[in-house]
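Please view the sequence and structure below before reading on.

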Amino acid sequence: MALKKYWIVPANTWLVVILLFYVALWLMCPQEFIPSDPWYYSKRSFAIIQGLGFGDNYIFSHRLGVTVPVAVIYSLFGADILTTNLWPLCTALMVIVIVWLALPDQKSKIIGALLCLTSVPLLKNSVTLFPDLIATPFMAFSSLLLFRRKQGMGQGFWLAMPLLAIASLFFAFLAKESAYWVLPLWFFALFSDRKDHDFALLLRRFYWPVVCAGAVLGGSYLVFCQFVWGSPLAHFQAVQNLTGAHQWSWDKATAMALAKRLTIDPVILFIRQYGGILSMTVLGGLFAPKSIKPWVYYTVCCVMFFWFGSTSFTRYEPMPIFERMTVPALPGFYILAAYALANIAVPSDRKLIKLLCPVLILFGLSGIPFFEYLNSWKHEELLETKAMSMVQKEVALHPDQKYLLIASDKRSPESMAFYFGMKYPDNFKVVYGLDLTEQLLADDIKEAFLFISIQRSKYLESQYHEPNIDKEIYRLGLTPLFQSDEVVLFKTSDKAQLRTLMQRGD
């Protein structure tokens with residue numbers, strides 16, 4: 001009787017509870033600002049609400065599916081780490097809903113949502129502002145509507161389905177170019193429908209609205225690009241401009257490294273990310289019924305395009321082995337795995353055993369790795385955030401006194417504005433150590449902070465050949481205000497020491 005009551009709980013109640021649990025986990029998850037790609041998206045979003053436009057013709061500026069929603073959030077709630085990552089959280093919740101909608105019955109829906117709830121890749125990507133997760137639910141939703149195109153033909157709202165499908169795919173493209181990974185599904189669907197007895201109706205009520213709406217959206221976007229960046233093909237030019245310019249570009253790699261990239265490295269990456277869930281995905285794909293079968297093709301397309309696709313139009317340049325770039329395949333993995341788990345046949349007449357078996361397998365394959373990830377949070381220190389909070393407090397405590405922060409790397413003076421709501425207060429200036437001038441020191445500076453991000457300095461030195469002046473700051477002999485293996489913060493009121501640093505920089 002208890003088991004029957006368990007399943008009598010309305011399906012939507014389970015979904016709402018799981019979504020609320022996910023939000024709670026997201027709020028508890030350590031979130032620290034990343035002064036690389038997320039900083040650029042954050043900066044562009046803030047510039048949009050300041051009326052400064054959409055940026056130069058660089059690929060990140062074109063990812064309006066990332067920057068515009070974040071700009072709206074900033075305009076409503078201000079800029080901080082939570083509002084910056086709020087849009088990735090929303091798209092993670094959308095992934096859970098899409099997995100739920102794609103599965104055929106309550107049992108598989110609950111298992112699919114639990115897989116998402118205990119997904120380390122999903123949670124990791126929901127606390128960083130990267131475009132991959134943002135594009136994912138729109139790619140998946142567009143595909144879901146494509147797979148159900150015949151169900152909507154006889155409904156009074158039949159036009160909504162094709163319009164939502166193409167609009168969702170277009171928005172995925174605005175977030176990241178990998179939206180094209182699902183295009184083969186559309187061609188395959190059209191090819192398979194040509195022998196359908198309702199093909200004429202499908203053309204009229206689905207495919208032609210998709211083509212017309214796609215033409216309007218595409219044409220409008222080309223006009224927008226012409227107006228903003230001076231060329232209707234600016235987006236594609238921006239993609240092409242990066243050919244050979246990435247730090248991971250394969251023209252700099254050995255033949256052996258490229259061979260591993262196209263063979264074993266993606267396998268290792270997927271296993272590291274999803275572990276035993278992949279075995280359930282394969283089982284789900286092998287035994288999937290007709291209603292689930294299209295998700296096999298969705299998953300294969302995403303995996304194959306990540307594995308063998310190119311990021312350049314003029315030469316073969318595979319994607320780097322970055323975990324976040326596999327996220328578009330995640331909905332397919334979990335839909336197929338959930339179906340397999342929900343339909344595991346247990347040789348027992350006892351309902352409790354039949355119910356617990358898939359739950360225990362789910363816990364072993366997904367729950368244990370997830371709890372290990374949760375346990376790692378207590379060892380994760382937000383070092384730069386801690387150091388900058390000390391600076392924030394002192395600057396805010398004495399608004400009538402002037403402060404200076406000297407950074408040992410060239411990137412920090414701009415990116416640290418994030419900790420001050422994207423705009424430094426009037427009594428606070430931040431400068432790169434080699435840009436320190438006598439004029440800056442001549443100001444009525446009460447105290448100066450000196451900031452070192454050890455990994456950032458090393459990275460900028462190795463990848464961009466920027467001078468590393470960490471040692472120059474250490475030689476001043478100052479006592480650290482905050483010190484760790486990654487971040488060091490000093491404070492001094494001795495301008496003579498700072499002039500020594502300025503002279504060393506010269």
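Which helix gives the most to the lining of the second largest cavity? In this predicted model, that helix is α6, spanning residues 81-102, which supplies three residues.

## The second largest cavity

Two cavities of 30 Å³ or more are counted in the model. The second largest cavity has a volume of about 40 Å³.

Its lining consists of E32, F33, I34, P38, I81, T84, N85, V127, T128 and L129. By class, six residues of this cavity lining are nonpolar, three are polar and one is charged.

## The second largest pocket

The second largest pocket has a volume of about 1000 Å³. Several helices take part in its lining: α8 (120-125), α15 (264-274), α19 (351-376), α20 (383-397) and α23 (454-464) are the elements that each give two or more residues. Of the elements, α19 contributes the most to this pocket lining, with five residues.

In total, 41 residues line the second largest pocket, and those that lie nearest its centre are I34, K124, T128, F130 and E380. The pocket lining comprises 19 nonpolar, 11 polar and 11 charged residues.

## Residues found in both linings

I34 and T128 belong to the lining of the second largest cavity.

Note on methods
Residues numbered from 1 in each chain as written. Predicted model: local features only at pLDDT ≥ 70, side-chain atom pairs only at ≥ 80, totals over all residues. Heavy atoms only, no water. 1 Å grid on protein atoms, 1.4 Å probe; cavity = no way out; pocket = protein on both sides within 12 Å on 5 of 7 lines; lining within 4 Å. Points joined across faces, edges and corners; volume = space filled by probe spheres on them. Helix = DSSP H or I, 4+ residues; strand = E, 2+ residues; numbered from the N terminus. Nonpolar A, V, L, I, M, F, W, Y, C, P; charged D, E, K, R; others polar.
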